[in-house]
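I opened the structure to look up chain folds, helix packing and contacts. My entries follow in the order in which I made them.

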Amino acid sequence: MSHPDPIIGVRDLKKHFPIGGGTLLPGKERKFVRAVDGVTLNLHARETLSLVGESGSGKTTTARMILRLITPTSGRVVFEGEDVAELRGTKLRHFRASVQAVFQDPWSSLNPRKRAESIIAEPIVINQPLPKAELKGRVEELLAAVGLGPAVMRHYPHEFSGGMRQRIAVARALALNPSVIILDEPVSALDVSIRAQIMNLLRDLQESFHISYLLIAHDLATVRYLSDRVAVMYLGRLVEAAPSEELFENPLHPYTQALIAGSRSTTMVDEEAARLLASEIPSPVNPPSGCAFYARCPVSTAARSDDPIFYERTVTERPELIEVRPGHLVACHQFDPKD
Amino acid sequence: MLEVTNLKVHFTTRQGTGRAVDGVSFHLERGETLGLVGESGCGKSITALSIIGLHPRPASKVVCGEIELDGESILTLSKREMRKVRGERISMILQDPLTSLNPVLTIGKQVGEPLRLHRNMDKSASRIRVIELLRQLHIPEPESKLDDHPHQFSGGMRQRVVGAIALAADPDLLIADEPTTALDVTIQAAFLAHLRAVQRARGLAILFITHDFSIIAKMCDRVAVMYAGKIVETGPTAELLSSPQHPYTQALLESVPSVDRGRKRLHSIGGSPPSIYDLPKGCTFEPRCSYAMDRCRESYPLQFDIADDHSVSCWLLE
């Protein structure tokens, strides 16, 4: 957060999806799923910022709002100093070219009826048309960048393995020299030995093309390998954000601690912690008024008998995101200086 | 307790003969957990399915080998006898809790089914037992959930229900095929802790199939690494993870990131596994192996025992 100008700034972003019908009935209130409920983030040049959290925590919805694929309920996404929602014409096209995405499933993100050559060339044809001969050269260049030979150009997606398809998806994302690539679970559909190839490729490409990555992943080992900074989401909100090293060495939020302990090969959670963690994630339709994690939190649960005042706070008062150390933010009553 | 010897399961298709499982041998004792690791397509799931006689038929066939449960061959059992083995002695948890439950039956009916069919319990007795089972797996207020249907449960709860079904008839052996892959990390940690507790209480043997080494390290006493239908290395978990001997095990371990490893560059294995329809003549890993020698191309390596219970199929260890 020492850099002055982020490439992408997310300001108090919210997305509430309406559920059910019944708005015509007088007196009946419309219900909403608070998928994303006030997220603020900065993505800086050449860095990898990861969004982690369990399914339903709102990380993909946040990414889709950043890509301007869905409209936020409130809040703003700022790209190079301008509100993305306001972009029109050339500026919008510049945004679309600069912010690219690679999705989880390379089986569904490539058009099965097109050859690799036209899949990779398509963004160029649409946005920055080139003469035919040059176009072919550019596709070859992109293929080389992702470690594939020119021979694959003539082939269709079904002829490739998962790893090769994901390379083609990355080549397509690189086609317009983007400054940002959003990676939504880029390796989780791939086999173990192929994952390492793609993760190394992503790191090399970042180095040579100076791209910023916003990585969405639930596998913390992948996150640790690729990220500079990590933001942890729970029920639509950020609960902790810190430089990667700091977060993994010194996680503060009990939820982050549980996530890391769960991913470690050496720690086995005990029965009591398991029972707590196994309790359900609260509904994003009626999120708890206090800390969203309190019912699963060992600290809050212990305080129930030891420190009723603290317990009461976790149940009734929503913790604010506070910077406890330079760059390390956490939303937990334990670290709130108001005490 | 379970002894698998030189098991071969081959597929016959238009492409020819696919050697999905090609000479697999291992044993599993009471109360023990054996991890079976490998990439997709290496034959680990087919190995597991053939133990309970549910490998896809007629496409695949056990062409040779022996599977013994408590010294008794289960390959020659009739369909009826095999059904009894599946109900009473061996059970299985599959990867995807969304598809392994019947959407039109209530949770109570599905968990109670093995009790009624294999333990001759009547409705009210099985109901009491089902509530107890669900409570053991930390399903809150189990009494009120018996008449719910699977869609009313979250993924983590459904997998616990699947676990309850598998454990209902109190089996001797549980085969768990990637049981936590579809779950979130915290729910996964909780599920594994429950499984361990049940195992300790009942002396259950578990065959744990996974590709995740962090789960292997937590759950398994011994590990067998599979590649292209064969077990290439097997040994006690701690020893195998700290000093892997087969080049494939070494490469695999160096290619997985871990939360404790940081950003140190991963070594990736070039190429991809061979097709089961066209396996190399010699060692199946030879085309991707950085230590490959002439003799690796000529014949598949023998199995060398390098320590107690630690054996490796690689010519380097001769």
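**Chain B: overall**

I began with chain B, whose secondary structure comes to eleven helices and twelve strands. I am working from a predicted model.

I then looked up the extent of chain B. Along its principal axes, the C-alpha trace spans about 65 × 50 × 40 Å. I compared the radius of gyration with the globule rule: a compact globule of 318 residues would have one near 20 Å, and the 21 Å of chain B agrees with that.

**Chain B: α3 against α6**

Next I looked at one helix pair. Helix α3 (residues 107–118) of chain B packs on helix α6 (residues 155–168) of chain B at an angle of about 20°, and their axes are 7 Å apart. Angles under 35 degrees count as roughly parallel, so I note α3(B) as roughly parallel to α6(B). The crossing of α3(B) with α6(B) is right-handed.

I listed the residues that meet. From α3(B) they are B:Ile107, B:Gln110, B:Val111, B:Pro114 and B:Leu115, and from α6(B) they are B:Val161, B:Ala164, B:Ile165 and B:Ala168.

**Chain A: domains**

I turned to chain A, where the domain assignment gives domain 1 (8–250) and domain 2 (253–339). The centres of these two domains of chain A, taken over C-alpha atoms, are separated by 29 Å. Their contact takes 23 residues from domain 1 of chain A and 19 residues from domain 2 of chain A.

Which elements supply at least two residues of the side of domain 1 of chain A that touches domain 2 of chain A? I found β2 (31–43), α7 (220–226), β9 (229–234), β10 (237–243) and α8 (244–249) of chain A. β10(A) gives the most to that side, with seven residues. The residues on this side of domain 1 of chain A are 15 nonpolar, two polar and six charged.

**Chain A: two helix pairs**

I looked up α5 (residues 162–174) of chain A first. α5(A) and α6(A) pack at an angle of about 15°, with axes 10 Å apart. That angle makes α5(A) roughly parallel to α6(A). I recorded their crossing as right-handed. On the α5(A) side the contact includes A:Gly162, A:Gly163 and A:Gln166, and on the α6(A) side it includes A:Ile194, A:Leu201 and A:Phe209. The classes in the contact of α5(A) with α6(A) are seven nonpolar, four polar and one charged.

I then took helix α11 (residues 298–306) of chain A and helix α12 (residues 308–316) of chain A, which pack at about 135° with their axes 6 Å apart. That angle makes α11(A) oblique to α12(A), and their crossing is left-handed. A:Ser300, A:Ala303 and A:Arg304 of α11(A) make the contact with A:Phe310, A:Tyr311 and A:Thr314 of α12(A). I sorted these residues into three nonpolar, two polar and one charged.

**Chain A against chain B**

Last, I looked up the contact between the chains: 35 residues of chain A are in contact with 36 residues of chain B. On the side of chain A that touches chain B, two or more residues each come from α6 (192–209), α7, α9 (254–263) and α10 (271–278) of chain A. I noted the classes on that side of chain A as 16 nonpolar, twelve polar and seven charged.

How values were computed: Residues numbered from 1 in each chain as written. Chains lettered and ligands numbered in written order. Predicted model: local features only at pLDDT ≥ 70, side-chain atom pairs only at ≥ 80, totals over all residues. Domains from an automatic or database assignment. Contact = placed C-beta atoms within 7 Å. Helix = DSSP H or I, 4+ residues; strand = E, 2+ residues; numbered from the N terminus. Nonpolar A, V, L, I, M, F, W, Y, C, P; charged D, E, K, R; others polar. Axes fitted to C-alpha atoms, helices over the stretch in contact; angles between N-to-C directions. Parallel < 35°, antiparallel > 145°, perpendicular 65-115°, else oblique. Left-handed = near helix turned anticlockwise from the far one by under 90°. Rg over C-alpha atoms; globule rule 2.2 N^0.38 Å.
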